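Visitor: Could you take me through one part of this model in detail, staying with a single stretch of chain and what surrounds it?

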Amino acid sequence: MASFVIKSLCVTVIYRVGEELKTFKSQITPPFLIERFLQLEMGNVGGLFIPVGNGQQVSAKNVEWFEIIRPQPDCKCPDQYSEYQL
């Protein structure tokens, strides 16, 4: 049986700060941050904080919408995820 290790995620998060909606797009590579986004995807949001750039985090309960893309190792289009770069 082959095991698959997730080495990066491309994420888009729309979150609310007060009355304002903000957007965060990035390619995530640190394993502990990948784990947070996977918890968000599974719906485990109690006490979960999501990084949104510049050292800031928001409560997962303030996330309005998110998308997570798992880049495939054999992707033939390396620039496919360029808009997610930091």
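Guide: In this predicted model, Leu9 is in contact, once its neighbours within four places in sequence are left aside, with Ser26, Gln27, Ile28, Ile34, Phe37, Leu38, Ile68, Ile69, Arg70 and Pro71. Leu9 also belongs to the largest nonpolar core, a set of 18 residues in which Leu9, Val11, Phe24, Ile28 and Phe37 touch the most other members. Strand E1, strand E2 (20-28), helix H1 (31-42) and strand E5 (63-69) each supply at least two residues of this core, and H1, with five residues, gives the most to it. In soluble globular proteins, nonpolar side chains tend to be buried together.

Ser8 lies in the segment before strand E1 (9-17), and because its relative accessibility is 15%, under the 20% limit, Ser8 counts as buried. With neighbours within four places in sequence again set aside, the contacts of Ser8 are Gln27, Ile28, Thr29, Ile34 and Pro71. To one of these, Gln27, Ser8 is joined by a polar contact of 3.4 Å between the two side chains. As for Thr29, which is 21 residues from Ser8 along the chain, the C-alpha atoms of the two residues are separated by 4.5 Å.

Ser59 lies in strand E4 (residues 57-59) and is buried, with a relative accessible area of 18%; not counting residues up to four places away in sequence, Ser59 touches Leu48 and Phe49.

Note on methods
Residues numbered from 1 in each chain as written. Predicted model: local features only at pLDDT ≥ 70, side-chain atom pairs only at ≥ 80, totals over all residues. Heavy atoms only, no water. Helix = DSSP H or I, 4+ residues; strand = E, 2+ residues; numbered from the N terminus. Buried < 20%, exposed > 50% of the residue type's maximum accessible area, 1.4 Å probe, protein only. Contact = heavy atoms within 4.5 Å. Polar contact = N/O pair within 3.5 Å; in protein donor to acceptor, adjacent residues only side chain to side chain. Core = buried A, V, L, I, M, F, W, Y, C linked by side-chain atoms within 4.5 Å.
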